[in-house]
Amino acid sequence: QFGPLHAVRGEILHFLADPAAHGARAVAHFPDGLLVIRDGRVAECGPAAELLPKLSAALPVTDYRGKLILPGFVDTHIHYAQTDIIASYGEQLLAWLEKYTFPTERRFADPEHAAAVAEFFCDELLKNGTTTALAFATVHPASVDALFGAARERRMRLIAGKVLMDRNCPDFLRDTAETGYMESKALIERWHGCERLLYAVTPRFAPTSTPAQMQLAGQLFAEHPGVYLQSHVAENRGEIEWVAQLYPKARSYLDVYDGFGQLGARAVYAHCIWLDDEDRRRMADTGTAMSFCPTSNLFLGSGLFDPGRARELGVRVGIGTDVGAGTSFSMLQTLGEAYKVLQLGGQKLSAESAFHLATLGGAHSLDLDGLIGNFLPGKEADFVVLDLQATPLLARRMASCETLSERLFVLMMLGDDRCVAATHVLGAPAYRAGPAAR
Ligand code: GUN
Ligand code: ZN
C-alpha cells in the first residue's frame with residue numbers, strides 16, 4: 001500500500017510562504033485534497049477532483065477524509081535527555097539545572113539508558129506529529145549515537161549534537177575544550193549527512209564553556225560547512241548577570257557567541273527573551289535563528305519572548321517545546337501557549353501564523369525549507385493527520401466554527417496528542433493512534 005507511488009486523501013493544508021507577510025496567497029487549502037507520493041517525496045498535491053482522473057485507478061489511496069493533513073511539525077529546540085524530568089517543581093533556570101537536569105543527564109553515561117530514552121523520545125515526537133527536531137543530547141558522545149540510532153530507525157529528519165561543557169558544572173558531566181572538540185568532530189564524521197541526520201555543534205550556554213572551548217566550538221562550526229550550531233541565550237535574568245561577570249568585555253550575552261564565530265545561517269538560539277535591538281539586528285544580519293519556547297519560558301518563569309520585534313527586524317524564528325523545561329511534546333499545546341504569551345505582550349498570533357511557525361516557518365529557521373515544511377513537489381513527504389473531533393469538547397466546539405481560521409484556532413487552543421490520528425515519515429505511516437487514544 002505504501003509502495004513507490006501512492007496517495008493520501010483528506011482535507012489538506014500547507015503554507016507556501018509566511019501568511020503574516022503574504023496573506024491568503026501564502027495558504028494552500030484543499031477541503032478534499034490528494035497528496036501523491038513517489039519514493040517518499042511529494043509528487044503532487046491538490047484537489048482530489050482534479051488529480052484523481054489523471055491518475056491510474058490502480059493507485060493505492062489511503063482515505064483520511066474527515067481528517068486534516070498538515071506537514072509534519074518542526075520542533076526547533078528540545079532536550080531528549082530531559083524527557084524524564086519534565087514537570088519538575090519549583091525552580092528557575094540555574095537552580096533547576098543543578099537540582100534536576102544535571103543528575104538526570106548523568107545517567108546518559110550508560111548507553112543502554114540512553115538507547116531506551118532515545119526510543120521513547122522519538123516515539124513521543126511521532127505521537128505528537130513532530131517529524132523533525134533540533135535536539136540536545138548530553139555531554140556523552142554515546143548519547144548522540146543513541147539518539148541518531150533511534151531517529152534513523154524511524155527515518156526521521158533530526159538534527160542533534162553532543163553538549164560541550166567544560167566548566168561550572170559537576171565533574172561527572174564535564175569534558176575539556178580538546179576532548180569536546182575531538183568527540184564532536186568524530187560525531188560529525190559519523191553522522192552528519194547520514195541519511196536524514198544532521199549534526200549540531202552544541203555549546204550548552206556561555207557560562208558552562210571556557211573561552212577556549214567557545215573558540216573551538218566556533219571553529220568546528222566554521223570547519224564543517226552545512227553543520228549546525230545550537231545553544232541558549234538571554235533566557236533568565238540571573239543567567240545574564242552571570243554571563244556579564246564571566247565575559248566582562250562582551251557588549252551583550254549574544255555578543256559572547258558572536259565573538260567566538262557562533263552566529264550565522266544554521267545557528268539556532270533558544271529563548272532570546274532579554275535581547276536588545278542591536279542583538280536582534282545582528283541575528284538578522286547573520287541569518288541566525290531564534291527558537292521561541294513558550295511553555296518553558298512560562299514554566300521556569302523566564303520571561304516573555306517578543307516575536308513582533310523579531311519579525312520587524314527580520315530575524316528567522318521557529319518554535320520549540322524545550323522539553324524538559326518545556327511542559328509538553330505537543331506542538332498544538334505549544335502554539336496555544338505561544339498565543340497566550342503574545343496576548344501578554346499585546347500582540348496577536350493568528351492560527352495561520354501559528355501553523356506556519358510549526359511547519360514551514362520552523363523549517364526555514366533551520367534552513368531546511370528546501371526539503372521539508374510544505375507539500376511542494378520534491379519535498380520529503382512527512383505529514384501529520386489530525387482528528388479535529390478527537391474529544392467530545394473539541395467535536396462540540398468545532399461544530400460551531402464557520403471558517404478554517406476558527407477551526408485551526410480551536411485546534412491549537414484545545415488540541416494535543418489525542419488529535420494525532422497518524423504521522424507519516426517519507427510517505428509511510430510511522431505512528432497510528434490505537435482505538436484507546438480515541
Ligand atoms: N540553559 C542552559 N542549559 C539549559 C537547559 O538544559 N534548559 C534550558 N531551558 N535552558 C538552559
Ligand atoms: Zn533548552
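Modeller: Gladly, and let me begin with a term we shall need: two residues are in contact if their C-beta atoms, placed from the backbone, lie within 7 Å. Please keep in mind that this is a predicted model.

Biologist: What do the buried residues of α16 pack against?

Modeller: They pack against α13 (331-344), α14 (351-365) and β14. The buried residues in α16 are Leu408, Phe409, Leu411 and Met412.

Biologist: What puts these residues on the same side of α16?

Modeller: The arc they cover around the axis is only 160 degrees, so they sit on the same side of α16.

Biologist: How is the chain divided?

Modeller: There is a domain 1 (5-71 + 377-437) and a domain 2 (73-365). Their centres, taken over C-alpha atoms, are separated by 29 Å. In domain 1, 27 residues are in contact with 27 residues of domain 2.

Biologist: Which element supplies the largest share of the side of domain 1 that touches domain 2?

Modeller: That is α16, with six residues. By class, this side of domain 1 has 18 nonpolar, four polar and five charged residues.

Biologist: What makes β4 a partner of both β1 and β14?

Modeller: At least two bridges are needed for strands to pair. β1 and β4 run parallel and are joined by five bridges, while four bridges join β4 to β14 (residues 383-386) in an antiparallel manner.

Biologist: Why is Phe299 called buried?

Modeller: The cut-off for buried is 20 or more other C-beta atoms within 10 Å. Phe299 has 21 C-beta neighbours inside 10 Å, so Phe299 counts as buried. Phe299 lies in helix α11 (residues 294-299). Leaving aside residues up to four places away in sequence, Phe299 touches Ala325, Gly326 and Thr327. Phe299 and Ala87 are 212 residues apart in sequence, yet 8.6 Å apart in space, C-alpha to C-alpha.

Biologist: Is Ala234 buried or exposed, and how do you know?

Modeller: Ala234 is buried, because 25 C-beta neighbours lie inside 10 Å. Ala234 is found in the loop between β10 (228-233) and α8 (237-246), and its phi is near 50 degrees, a positive value in a residue other than glycine.

Biologist: Why is Arg155 called partly exposed?

Modeller: A residue is exposed at 12 or fewer neighbours and buried at 20 or more, with partly exposed in between. Arg155 has 18 other C-beta atoms within 10 Å, and therefore is partly exposed. Its phi is also positive, near 60 degrees, and its place is in the loop between α5 (141-153) and β7 (157-161).

Biologist: What makes the peptide bond between Val323 and Gly324 cis?

Modeller: Its omega is about 0 degrees. Gly324 is in the loop between β13 (316-319) and α13. For background, most peptide bonds are trans.

Biologist: Last one: which residues surround ligand 1?

Modeller: Among them are His79, Arg204, His232, Glu235, Asp322 and Ala325. By class, the shell has four nonpolar, four polar and three charged residues. Helix α3 (residues 93-106) gives the most to this shell, with three residues.

Conventions
Residues numbered from 1 in each chain as written. Chains lettered and ligands numbered in written order. Predicted model: local features only at pLDDT ≥ 70, side-chain atom pairs only at ≥ 80, totals over all residues. Near = placed C-beta within 6 Å. Helix = DSSP H or I, 4+ residues; strand = E, 2+ residues; numbered from the N terminus. Nonpolar A, V, L, I, M, F, W, Y, C, P; charged D, E, K, R; others polar. Domains from an automatic or database assignment. Arc of directions from axis to C-beta.
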